[in-house]
Amino acid sequence: MKKALLSLAAITALAGSLCAASVTLYQDPDTGAIYTRPGEGRIKLGEFVSKEELKKTIRKDVKSELGVKVKSGVPTLKFSGTHYLGYTFIDNHNGDNSGKFETRRNYFQVKAYWNDTDYLRTTLDTFQDADGSWLVRLKYAYIYLDLADYIPYTGVEFGQAHRPWIDWEEHHGWLYRSVAKTFIEESEGGAHLTDSADLGVNFKTKTDYFSSELGVYNGSGYHHKHDGDSLSYEWRLTANILGTGRKHVHATEDEYLDLSFTGQINNQKGYDWYGIHAVYNRPMFLLAGMYINYENYADDENHDGWSINGEFRPVNKWAVFARYDNFEYNANDLTRNGLIAGAAYTYNKNVKFIVNIFDIDDDNNDDGGNNIERTKYMFTTEVHW
């Protein structure tokens with residue numbers, strides 16, 4: 001009993017020493033006993049610092065290295081960035097050729113979390129003005145709230161928020177935004193009907209086998225002026241056939257099969273469009289396709305288009321990809337076609353290198369001399385941090 005009490009006292013004393021500051025420990029290799037003083041046959045284990053002292057040391061080091069004090073009104077700030085850097089040579093079939101180095105996207109993003117699920121996001125982007133000057137534009141600025149206690153499996157973005165379709169496709173179906181925008185947004189060879197952000201509200205629901213986004217927006221897009229009181233009603237409804245609706249999927253690791261119905265009734269722009277999209281992905285390959293129908297209220301005619309893209313990953317870190325777009329304006333006999341083909345090498349989790357060609361052919365647009373036939377030869381470096 002006395003031996004036990006003595007051991008307990010030793011442990012208590014040792015714990016007190018550790019909590020106070022730092023202590024050097026020694027061990028008897030025969031008995032395994034731990035001591036705070038050196039002795040015959042004892043082996044030095046090293047110096048141990050208490051948690052409180054470690055925090056003080058870290059705070060001191062940070063302050064001395066930075067020379068500034070960092071404060072925030074929330075417990076967690078998450079910073080990230082996305083950069084698309086490259087070179088493009090353009091072979092203009094009906095004019096002079098050109099070539100230039102480019103920075104196609106520079107995102108700087110901050111998320112301010114006040115709990116595990118709710119946050120405010122701000123994303124800044126750069127763009128080049130007509131005179132060549134580089135300017136900064138606000139891409140996203142919204143509050144996200146988890147509404148699971150009120151609406152099961154649902155959260156909401158309010159402010160300058162994601163529109164329902166483009167961001168989803170960029171993470172599931174078309175993985176090369178650094179080369180070209182998605183079919184529905186791309187102006188060269190694509191449909192060019194909408195962009196990815198706007199002022200409004202977006203309700204996002206995720207279950208294993210079904211996910212959706214339902215939004216109401218100004219309708220003009222984040223870099224166009226909004227006039228009047230007309231709004232745009234937009235949606236994405238997705239059947240996640242393999243139960244991945246709640247998962248943040250990774251194309252090189254996960255298998256998923258998704259069928260989506262998406263579109264807009266855009267009273268601000270004066271049109272509506274509807275799209276059906278399917279994608280099947282395995283770690284070795286991806287195959288996706290989309291059909292859209294578009295009606296412009298001004299000419300009261302239907303127009304349609306389609307796109308198909310795929311990616312094949314034969315060996316680790318390497319991939320080849322291709323996409324074909326076709327969109328027709330029946331009213332003025334305009335057909336846009338785009339063909340993309342290339343290869344990508346993943347240098348590490350932050351950097352990817354891409355080479356590709358992008359052939360654009362609007363050969364039926366003969367009114368006004370705006371015929372566009374050109375081939376781009378592109379090199380791209382994607383950086384994510």
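Colleague: How much of the protein is buried?
Modeller: Of the 385 residues in the protein, 39% are buried, meaning under 20% relative accessible area, with exposed being over 50% and partly exposed in between (1.4 Å probe, protein chains only). Keep in mind that this is a predicted model, where local features need pLDDT of at least 70, side-chain atom pairs count only at pLDDT 80 or more, and totals for chains, interfaces and linings use all residues. Residues are numbered from 1 along each chain as its sequence is written, and side-chain values use heavy atoms, leaving out hydrogens and water.

Colleague: OK, and how many helices and strands are there?
Modeller: The protein has three helices and 19 strands. Those are DSSP runs numbered from the N terminus: helices are H or I with at least four residues, strands are E with at least two.

Colleague: Where is tyrosine 153?
Modeller: In the loop between strand 7 (134-146) and strand 8 (154-162).

Colleague: And why does tyrosine 153 count as partly exposed?
Modeller: Because its relative accessibility is 48%.

Colleague: What about lysine 317, what is its phi?
Modeller: Phi of lysine 317 is near 80°, which is positive, and lysine 317 isn't a glycine. Lysine 317 sits in the loop between strand 15 (301-312) and strand 16 (318-329).

Colleague: Why is lysine 317 called partly exposed?
Modeller: Because lysine 317 has 39% relative accessibility.
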